[in-house]
Amino acid sequence: VQLVESGGGLVQAGDSLRLSCVASGSTFRIKNMGWYRQAPGKQRELVATITSGGGRTNYADSVKGRFTISRDNAKNTMYLQMNSLKPEDTAVYYCQVIGRTGSWGQGTQVTVSS
């Protein structure tokens, strides 16, 4: 599964963004997926996960109530709706297959100004 992220940008605190992750191949629909982020000088962290069928989601405490992960298996696409953005959400955001350690995409930059 190859992954391409998009949708990042420069926004102000309180604004919203919707990230997309388009996957190639036919196995996307059977994969549990996640969104990760990496801020400058920090380790990559897991932000949200979603099961293969989309029925179960989990979130890091720092984004709970503000971010929503979803997927459309018919379109081989996963989304991250980010509301009430904060400057501390500034990072490069990546999508990834849960449990896979390699083949990261290029990520999409999200910058939130105060």
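Mentor: Strand E9 (residues 91–97) and strand E10 (residues 108–113) run antiparallel and are joined by three bridges. Strands here are DSSP runs of at least two residues, marked E and numbered from the N terminus, whereas helices, marked H or I, need at least four. Two strands count as paired if DSSP finds at least two bridges between them. The model is a predicted one, in which local features need pLDDT of at least 70 and side-chain atom pairs count only at pLDDT 80 or more, while totals for chains, interfaces and linings use all residues. Residues are numbered from 1 along each chain as its sequence is written, and side-chain values use heavy atoms, with hydrogens and water left out.

Two residue pairs illustrate this pairing. Val92 has Gln109 as its bridge partner in E10, and Tyr93 has Thr108 as its bridge partner in E10. Strand E10 is also joined to E2, by four bridges, and these two strands run parallel. On that side, Thr111 of E10 is the bridge partner of Leu10.

Buried means under 20% relative accessible area, exposed means over 50%, and partly exposed lies in between, with a 1.4 Å probe and protein chains only.

Both pairings belong to a wider arrangement. The order E2-E10-E9-E4-E5-E6 describes an open sheet of six strands with mixed pairing. Strand E2 (9–12) and strand E6 (57–59) each have a single partner strand and stand at the edges, so one side of each is left without a neighbour in the sheet. From one strand to the next, the twist averages 25°; for such angles, axes are lines fitted to C-alpha atoms (for helices over the stretch in contact), and the angles run from 0 to 180 degrees between N-to-C directions.

A search of the whole structure finds one disulfide. The sulfur atoms of Cys21 and Cys95 are 2.1 Å apart in this link, which is right-handed, with 70° about the S-S bond. Because Cys21 lies in strand E3 and Cys95 in strand E9, the pair ties together parts that are 74 residues apart in sequence. Cys21 is buried at 0% relative accessibility, and Cys95 is likewise buried at 0%.

The next topic is the nonpolar core. The term denotes a set of buried Ala, Val, Leu, Ile, Met, Phe, Trp, Tyr and Cys residues joined through side-chain atoms within 4.5 Å. The largest such core has 27 residues, and those with the most contacts inside it are Trp35, Phe67, Met78, Leu80, Met82 and Tyr93. Two or more residues come to this core from each of E3, strand E4 (33–38), strand E5 (45–50), strand E7 (67–72), E8, E9 and E10.

Arg37 lies in strand E4 and is buried, with a relative accessible area of 6%. Its side chain makes a further polar contact, at 3.4 Å, with the side chain of Ser62. Apart from neighbours within four places in sequence, residues in contact with Arg37 (heavy atoms within 4.5 Å) include Glu45, Val47, Phe67, Asp89, Ala91 and Val92.

Finally, the loops on either side of E9 deserve attention. Most residues other than glycine have a negative phi. Ser103, in the loop between E9 and E10, has a positive phi of about 60° although it is not a glycine. Ser103 is exposed, with a relative accessible area of 54%. Ser84, in the loop between strand E8 (77–82) and E9, has a positive phi of about 50° and is not a glycine either. At 41% relative accessibility, Ser84 is partly exposed.

Definitions and conventions:
A polar contact is a pair of N or O atoms within 3.5 Å; within protein, one must be able to donate a hydrogen and the other to accept it, and residues adjacent in sequence count only if both atoms are side-chain atoms. A disulfide is a pair of cysteine sulfur atoms within 2.5 Å.
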